[in-house]
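Good morning, colleagues. I would like to take a few minutes to walk through one model. Please have the sequence and the structure open before you.

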Amino acid sequence: MAPAEHGKQVSLLIVDDDDIDVMGVRRALEKLKIANPTFRARDGLEALEMLRDEMVPAPFIVLLDLNMPRMNGIEFLRELRADKVLTTTVVFVLTTSKADEDMVMAYEKHIAGYMTKSAINRDFMGAIGLLEHYWRIVELP
Amino acid sequence: MEVIRSTGTDFGGVSPLYQNIVEHAPSAIVLVGLAGHIELLNLQAEKLFGYERNELIGQAVEVLLPPPSRANHPKLRQIFFDTPTSRQMASARKINIVRRDGSELPVEIRLHPIFTESEPKVIAIVADASQQRRQEENFRLAIEASPSALLMVNADGTIEMANQQTSIIFGYPASELLGQPIEKLIPQRFENHRHLRNAYICDPQPRAMGGGRDLYARHRNGGEIRVEVGLNPIRATDGIKILCSVIDITERVRAKERLEIQQYELKRSNDDLSAFAYVASHDLKSPLRGISQLANWITEDLAEGNTTAINGHLCMMQKRISRMEKLLDDLLLYSRAGRSKSLMEDLDAYELVRQIFDSYLPVSSFQLYLGGKSFPMRTYIPTLEQVLRNLMSNAVKHHDRSYGTITVTVSRVADDLAEFKVIDDGPGIAAKFHQRIFQMFQTLRPRDEVEGSGMGLALVKKLVESADGKISLHSNAPTQRGCTFIFTWPIAPSLYQEG
């Protein structure tokens with residue numbers, strides 16, 4: 001496990017209300033032997049709370065599901081980008097919604113990448129692998 | 001001046017030519033003396049009256065009149081000879097004569113006075129008017145039978161004729177229409193009708209009235225009728241008349257409105273369906289995806305010979321399967337909601353609430369408070385029960401404590417409307433979620449925390465709105481705890497008193 005430039009491990013905040021989807025991400029990470037610390041929030045509100053309370057140590061990447069109760073992914077992104085401290089957070093969107101509107105809206109909130117879960121069920125590993133490379137190569141805030 | 005003898009067929013002193021002319025004239029000719037006796041009649045007259053001339057000559061002319069007219073006729077004769085002029089007899093009235101066989105015949109009689117040596121006499125030319133009378137009658141029948149109201153109005157706007165349909169549409173018997181101004185049939189707010197009428201008379205053209213505008217007429221009872229009016233100028237012998245045809249288009253207007261409502265409903269229904277399909281496909285895919293993932297993991301784990309997590313996976317699979325079943329059941333309920341109209345039945349609202357509480361809310365640590373002892377009403381029971389059950393079980397399901405109270409109150413806000421309030425002391429719902437929770441598949445807690453299809457409130461909203469009620473919610477979390485759902489519900493107007 002290669003540490004990031006600053007010698008710290010990159011944390012992962014998974015924001016998803018679906019337990020099985022979260023299990024999926026964790027399994028994929030296990031298979032790839034990625035042991036970085038993962039945190040989980042059940043919806044956008046909880047995620048913001050956790051980030052503001054600094055429960056997730058920097059550097060971190062957010063894996064975001066779009067459809068969640070109380071505050072969905074788009075609303076979370078809006079709040080995030082409006083927050084002075086959190087605005088530079090790196091976010092990858094993992095979602096089942098193929099609808100174009102969702103996609104466009106997410107890119108307008110400056111996300112790093114967009115992956116539909118159902119399309120990449122098999123290639124989920126590939127997606128997680130991509131993330132792994134991403135945080136090794138890219139400098140995280 | 002011709003001298004015409006008053007005796008029989010002997011026309012001595014009269015030229016044979018004139019005799020011939022009178023005898024064979026195509027019209028019935030009768031000569032009547034000052035005292036009213038028949039002095040002469042020609043061939044046509046014999047035919048018309050059905051008598052031989054010797055049966056009539058010397059007789060009073062009254063013998064040819066129907067019995068009821070006889071008494072008054074001598075006086076009329078007198079008046080005629082006072083100022084004798086060549087004219088039509090009784091032109092305004094329809095006159096009949098009586099033939100020998102007693103049958104009556106409608107006639108027209110022209111009178112012409114002549115002056116002889118002895119006294120003035122009158123020549124009467126009698127014409128059979130039966131065909132004319134029949135035609136007039138047929139015309140009258142046609143006007144009467146017209147499915148449109150037909151009115152004849154003169155240049156001053158006075159109604160001179162109105163058929164039966166006019167009476168039916170406007171509610172006035174003919175006697176109350178004839179001689180009245182046409183404005184009697186027009187709502188008072190159309191003050192400028194007289195001006196428009198006068199303008200029309202100046203250059204009357206056959207056309208529809210008020211082209212393109214909505215026309216209203218006034219019924220005897222003051223109510224307004226939507227109509228279409230056609231105007232047709234007629235140049236009658238005594239001036240210009242306007243024949244107006246009026247059609248009551250109330251039903252046509254209503255049908256059009258009904259159609260528009262149907263179209264609106266159809267569009268709404270289609271929009272609903274699109275939204276439904278979009279949401280349904282997404283939210284139904286979710287548990288399927290979970291099941292698929294779990295199946296994959298079981299396969300992978302088995303391949304690696306790793307059996308520890310398999311039971312857990314299978315358990316989660318079952319949960320997802322039941323969730324999907326519930327979702328589909330609730331979807332079906334939702335789509336059916338408000339479709340079938342049941343009949344109104346009698347019930348006690350508070351008793352229903354008690355029943356729901358006892359059967360469906362198993363947690364004994366919750367208390368039920370009611371706003372009254374009983375509230376008899378007459379309404380649609382199955383749907384009301386569904387609404388109350390959903391709201392009450394939500395109150396328990398989303399409570400953050402294992403104990404709490406639910407309060408239900410019922411009141412009458414209108415003759416045909418009741419208002420229900422379901423109040424809980426749970427955590428409440430923040431204002432920003434108030435709109436969203438009534439949408440399909442919306443949950444406030446993740447489904448893995450609180451199992452719920454998210455259809456409950458959408459169903460409640462649909463049921464309430466299908467019954468023409470309204471639902472709203474009052475809650476101010478997190479500032480205040482508690483949540484109040486208020487909805488109106490139709491009830492049959494009655495004389496019941498609340499207990």
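This is a predicted model: local features need pLDDT of at least 70, side-chain atom pairs count only at pLDDT 80 or more; totals for chains, interfaces and linings use all residues.

**The sheet in chain B and its surroundings**

In chain B, 5 strands form an open sheet of mixed pairing, in the order S14-S16-S17-S19-S18. At the edges stand strand S14, residues 366-370, and strand S18, residues 471-474, of chain B; each has a single partner strand, so one side of each is left without a neighbour in the sheet. On average, neighbouring strands of this sheet are turned by 20 degrees against each other, direction ignored.

S14(B) pairs in the parallel sense with strand S16 of chain B, residues 404-414, over 5 bridges. Within that pairing, B:Phe366 has B:Gly404 in S16(B) as its bridge partner.

Helix H12 of chain B, residues 381-397, lies across S14, S16, S17 and strand S19 (483-490) of chain B, and H12 runs at about 180 degrees to S19(B).

I would draw your attention to one residue of H12 in chain B, namely B:Asn390. Is B:Asn390 buried or exposed? B:Asn390 counts as buried, because its relative accessibility is 15%, below the 20% cut-off. Leaving aside residues up to four places away in sequence, B:Asn390 touches B:Gly456, B:Leu459 and B:Val460.

We now turn to the surface of chain B. There, B:Leu17, B:Tyr18 and B:Ile21 form a nonpolar patch, with about 340 Å² of accessible area together. B:Leu17 belongs to helix H1 of chain B, residues 16-24. With a relative accessibility of 59%, B:Leu17 counts as exposed.

Finally, chain A. Strand S3 of chain A, residues 60-64, is largely enclosed by the rest of the structure, because 5 of its 5 residues are buried. What covers this out by face? On one side of S3(A) lie A:Phe60, A:Val62 and A:Leu64, and on the other A:Ile61 and A:Leu63, all of them buried, and both faces are covered. S3(A) pairs in the parallel sense with strand S1 of chain A, residues 11-15, over 5 bridges. In that arrangement, A:Ile14 stands opposite A:Leu63 in S3(A).

Thank you for your attention.

Note on methods: Residues are numbered from 1 along each chain as its sequence is written. Chains are lettered from A and ligands numbered from 1 in the order in which they are written. Side-chain values use heavy atoms; hydrogens and water are left out. Two strands pair if DSSP finds at least two bridges between them. Helices (H or I, at least four residues) and strands (E, at least two) are DSSP runs, numbered from the N terminus. Axes are lines fitted to C-alpha atoms, for helices over the stretch in contact, and angles run from 0 to 180 degrees between N-to-C directions. Contact means heavy atoms within 4.5 Å. Patches are made of residues with over 30% relative accessible area and no salt bridge: like charges are joined within 9 Å, nonpolar side chains (Val, Leu, Ile, Met, Phe, Trp, Tyr) within 5 Å. Accessible areas come from the Shrake-Rupley method with a 1.4 Å probe; for residues, only the protein chains shown count as cover. A salt bridge is a side-chain nitrogen of Lys or Arg within 4 Å of a carboxyl oxygen of Asp or Glu. Buried means under 20% relative accessible area, exposed over 50%, partly exposed in between (1.4 Å probe, protein chains only).
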